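Please keep the structure open while you read.

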Amino acid sequence: MGGGFPAAFSHSWSPPIPGATVDLRGFPVAQTAAMHSFRYVGRELFCEDVALSDLVRKHGTPLYVYSQATLADHYSKLDSALAPLDHLICFAMKSNSNLAVIRTFADLGGGFDTVSAGEIQRVIAAGGDPGKCVFAGVGKTEEEIAFALKQGIYSFNVESEAELARISKVAVRLKKIAPVAVRVNPNVDAHTHAKITTGTYENKFGIQFESIEAVYARAAKLPNLRLRGLQMHIGSQLTDVEPFRKAVEKVAPLVARLNARHGFDFFSIGGGIGIVYKEALASGDASWWKTAAGRKILTPDLYAKTLVPLLKPLGLKILLEPGRFMSGNAGALVTRVEYIKKTGQKNFVIVDAAMNDLIRPAFYDSFHEIVPLTKKSGALVSSDVVGPVCESGDYFAKDRPLPKVGEGDTLALLSAGAYGSVMGSNYNSRSLPAEILVRGKKAAVVRRRQVIADIWANESIADWQQTPASGKKAKAKGRK
Ligand SMILES: Cc1ncc(COP(=O)(O)O)c(C=O)c1O
């Protein structure tokens, strides 16, 4: 599969940068100047050294494909940019929780930002260390808190005083000391999409800046809590460094005061670094970052150059919780054109992936660049790319100039590695797609395509619905 390493590919590939990270299993992580590993080699779209059309022939569509080199490269870039700080990169696994993705970051020494007991269990299942997990979320149940405590997580990121009291109570019952960090809401506008902004008083997250010191003073009196740090997260998909700078400038003096009183270990500055969606393919090439569009986008270097001088004087471990930056452009959703339908002015390209596979366009009005797996020549056609689900929100692009495609052609929706597969559902009784991890010339199925009958495997017919006429108990047909 993939057919070797074509000469054309090696020309477009950026050379490794010296001083690269080595993962825990000894694999060198070649840090490159490129931003991701999806590119055309001749007329064929490749992920690393594997042609996506080969993957389609073998595994069908819809198909998620992830590049391990890209995942590792992002980790490595952030890791080296933050080298002047004692730091821990906790991958926000809500963005992509496939075990193989988790394992990639675990092997690099990374930690995890988790939001449920299920996510902590995933880290363990992938061979990661729960001791490097932070546990966030506004609605932790007692069971989840008990589970996390027993696993020895690094810290709870606490969202309310009621939660502090609950964690204390559970810790007393289990005779454990619970490490906690309160999430401060710095009331800094991240100027991002309303559904992913979190750092203002308009939303449910964290405790307001002005109340934090009093909350810590009260928390210090609760039994079995260790006030280990402070956490913040202002929003997602930030491509400008200014909101980060403003938030850190505002919160760092607070951290210093609290540290003096309570003896902190860390300050978590959250996630939120944005990625390129519009010119996703072009941004894979290092040269794009020198263009006018490229120079506007936040890089790990600018992020670190701006924040390290503000953070270093604290003398604390700095935690980061990046999700999208790590996994977003490491993944693509591959789909096949089922029909072309022309109605009035519209050219509908009906594909076999749908909003249940990738909900971001329907949910956040997000843009995903769409490119054919095999390059097409000729004029572009204004197209609406839509899925088969019975919702008019089931679309991937509207009035988008695209190459003329026909039935059976295959397309890739780029930058789909974050908040893609994880937000998938079985709506319309559609099975979840397979997921593939590519590393160099190798490709592995890291999630099997869901068998249709598995969708209702946990369902049954109520006793009173059995058909007496047949004299037999009707059984819901489940998994074979
Ligand atoms: C508390 C917290 N940390 C980290 C993240 C990850 O954000 P991103 O994927 O933008 O880096 C989120 C995203 O919702 C979050 O709520």
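**Notes on the predicted model**

1. Now the pairing of β3 in detail. Strand β3 is joined to strand β4 (residues 44–47) by four bridges, and the two run antiparallel. For a landmark, find Phe38: Cys47 in β4 stands opposite. As background, strands of a sheet pair through backbone hydrogen bonds, in either a parallel or an antiparallel way.

2. Next, strand β10. This strand covers residues 155–158. Which way do its side chains point, and are they buried or exposed? Ser155 and Asn157 point one way. Phe156 and Val158 point the other way. All four residues named here are buried.

3. One partner of β10 is β9. Strand β9 (residues 133–135) runs parallel to β10, and two bridges join them. Val134 stands opposite Ser155 of β10. To get from β9 to β10, the chain passes through helix α6 (residues 142–151). This β-α-β crossover is right-handed.

4. Strand β11 also pairs with β10. Strand β11 spans residues 178–185 and runs parallel to β10, with three bridges between them. Here Phe156 stands opposite Val180 in β11. The chain goes from β10 through helix α7 (residues 161–174) to β11. That β-α-β crossover is right-handed too.

5. Turn to the ligand. How many residues surround the ligand? The shell has 18, and the closest are Ala92, Ser236, Gly271, Glu321 and Gly323. By class, nine residues of the shell are polar, six are nonpolar and three are charged.

6. Last, the whole protein. The protein has 13 helices and 23 strands. Of its 480 residues, 46% count as buried. Take the contacts between residues at least 6 apart in sequence: 70% of them join residues at least 24 apart.

7. Look at Phe38 with Cys47 in β4. Then take Val134 with Ser155 in β10.

Terms used:
Residues are numbered from 1 along each chain as its sequence is written. This is a predicted model: local features need pLDDT of at least 70, side-chain atom pairs count only at pLDDT 80 or more; totals for chains, interfaces and linings use all residues. A residue is near a molecule or strand if its C-beta atom, placed from the backbone, lies within 6 Å of it. Ala, Val, Leu, Ile, Met, Phe, Trp, Tyr, Cys and Pro count as nonpolar, Asp, Glu, Lys and Arg as charged, and the others, Gly among them, as polar. A residue is buried if 20 or more other C-beta atoms lie within 10 Å of its own, exposed if 12 or fewer, and partly exposed in between; C-beta atoms are placed from the backbone. Two strands pair if DSSP finds at least two bridges between them. A crossover is right-handed if, with the strands pointing away from the viewer, the path from the first strand over the helix to the second runs clockwise. Two residues are in contact if their C-beta atoms, placed from the backbone, lie within 7 Å.
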